[in-house]
Amino acid sequence: MSILPDELWRRILELGIRSRCFTYKDLCCISISCRRLRRISDEDWLWSRLLFFDFPSDHRDPPSSSFPSFSLNRSKSLYRSRYERDRERKFAAHKRAVLRKESQIAEHSRKLRGLETRLVEETDNMRATISELSNLRKVREASVALKVWQPEVIRGRQKQIVEQCVVPVESRIHALEMELKLCKQQILGFEKALKDEKQRLNIAKEELLAVKYHPLRDYTSLSAGDHESNKKKKKQRTEKITLGS
């Protein structure tokens with residue numbers, strides 16, 4: 001390594017940056033390998049090129065291809081500020097994505113509770129309809145008995161129901177049968193909607209987990225009890241120190 005001249009090392013680093021094979025992490029790692037490469041990797045023109053390729057929106061024209069013989073840290077400091085700003089932007093975008101997914105999960109949960117409530121109400125309505133239909137069928141049987149047999153055969157509650165019945169029994173039974181069919185259709189619809197909403201809720205939860213475990217998780221501040229997050233934080237601090245040096 002000591003045989004290669006500085007110009008050749010500069011050319012190697014330039015080609016690595018131009019071909020996007022070198023990132024700021026690689027350049028920082030190279031800078032801690034030895035004093036000579038630290039001096040070369042700290043040259044302003046090199047960070048200026050890295051700044052141009054990593055943040056092209058901030059620069060219209062590429063930097064000059066000449067190799068200055070002096071070192072400056074203006075481009076390196078500018079790269080660090082751009083990097084921090086871009087990191088904060090990505091962190092904010094990641095946080096918004098997480099909040100959107102959590103909002104979707106809350107909305108799906110609210111819809112699920114509403115569907116479950118309506119399903120319970122419709123089930124109770126169906127049970128009441130079945131009970132009333134059963135009583136009316138008994139009334140119809142009692143009416144037939146009144147016409148065929150002697151009135152004294154019918155006793156108790158059934159005779160009282162028959163005498164107090166104003167609406168024709170057959171019409172009421174037909175209406176209740178139609179209402180019972182409608183209740184069953186409503187229950188089937190609610191059960192299908194409930195199943196679909198649960199599926200959407202599970203999908204939203206899986207998407208939330210995927211967003212939380214996205215590579216952008218490096219930009220989040222997680223709990224101190226998470227060993228993996230602590231390792232990532234230490235790695236970030238090391239990169240900051242290397243960039244600032």
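Is Arg-11 buried, partly exposed or exposed? Arg-11 counts as partly exposed, because its relative accessibility is 38%. Here are the cut-offs: buried means under 20% relative accessible area, exposed means over 50%, and partly exposed is in between, with a 1.4 Å probe and protein chains only.

A word on the model. It is predicted: local features need pLDDT of at least 70, side-chain atom pairs count only at pLDDT 80 or more, and totals for chains, interfaces and linings use all residues. Residues are numbered from 1 along each chain as its sequence is written, and side-chain values use heavy atoms, with hydrogens and water left out.

Now the overall picture. The protein chain has eight helices and zero strands. From the N terminus on, the elements read α-α-α-α-α-α-α-α. Helices (H or I, at least four residues) and strands (E, at least two) are DSSP runs, numbered from the N terminus. The chain has 245 residues, and 32% of them count as buried.

Back to Arg-11. Its side chain meets that of Glu-14 in a salt bridge, at 2.7 Å from N to O. A salt bridge is a side-chain nitrogen of Lys or Arg within 4 Å of a carboxyl oxygen of Asp or Glu. Both residues lie in helix H1 (residues 6-18), three residues apart, about one turn of the helix. Why does that spacing matter? An α-helix has 3.6 residues a turn, so residues three or four places apart point the same way.

Glu-14 has another partner. Arg-18 forms a salt bridge with Glu-14, and the closest N and O atoms are 3.3 Å apart. Arg-18 and Glu-14 are four residues apart in helix H1, so about one helical turn separates them. Glu-14 counts as buried, because its relative accessible area is 1%. Arg-18 is partly exposed, at 41% relative accessibility. Arg-11, Glu-14, Arg-18 and Arg-49 are linked in a network of salt bridges.

How many salt bridges does a search of the whole structure find? It finds 17. One more pair, then. Arg-137 forms a salt bridge with Glu-177, with the closest N and O atoms 3.3 Å apart. Arg-137 lies in helix H5 and Glu-177 in helix H7, so this pair ties together parts that are 40 residues apart in sequence. Arg-137 is partly exposed, with a relative accessible area of 36%. Glu-177 is partly exposed too, at 31%.

Next, a charge without a salt bridge. Asp-44 sits in helix H4 (residues 44-54). Asp-44 is buried yet has no salt bridge. The nearest side chain of opposite charge is Arg-74, 4.9 Å away. For charges, Lys and Arg count as positive and Asp and Glu as negative; His and the chain ends are not counted. The side chain of Asp-44 does reach the backbone nitrogen of Arg-74, at 3.4 Å.

On to helix H2 (residues 24-31). Which residues are buried there? They are Tyr-24, Leu-27, Cys-28, Ile-30 and Ser-31. Seen down the axis of H2, the buried residues fall within an arc of 160°, so they line one face of the helix. That arc is taken from the directions from the helix axis to the C-beta atoms.

Now aromatic rings. The whole structure holds five aromatic pairs. Rings of Phe, Tyr and Trp (its six-membered ring) pair if their centres lie within 6.5 Å; planes under 30 degrees apart count as stacked, over 60 as edge-to-face and the rest as tilted. Tyr-24 and Tyr-79 form a tilted pair, 6.0 Å centre to centre with 45° between the planes. Tyr-24 lies in helix H2 and Tyr-79 in helix H5 (residues 74-148), so the pair ties together parts that are 55 residues apart in sequence. Both are buried. Tyr-24 also pairs with Tyr-83: the centres are 4.9 Å apart and the planes are at 55°, so this pair is tilted. Tyr-83 lies in helix H5, 59 residues from Tyr-24. Ring pairs link Tyr-24, Trp-47, Phe-55, Tyr-79 and Tyr-83 into a cluster.

Last, an annotation. The unreviewed UniProt entry marks residues 98-125 as a "coiled-coil region". UniProt positions follow the numbering used here, feature names are shortened, and annotations may be inferred rather than shown by experiment. In the model, residues 98-125 are 100% helix and 0% strand, and the end C-alpha atoms are 41 Å apart.

Note on methods. Polar contact = N/O pair within 3.5 Å; in protein donor to acceptor, adjacent residues only side chain to side chain.
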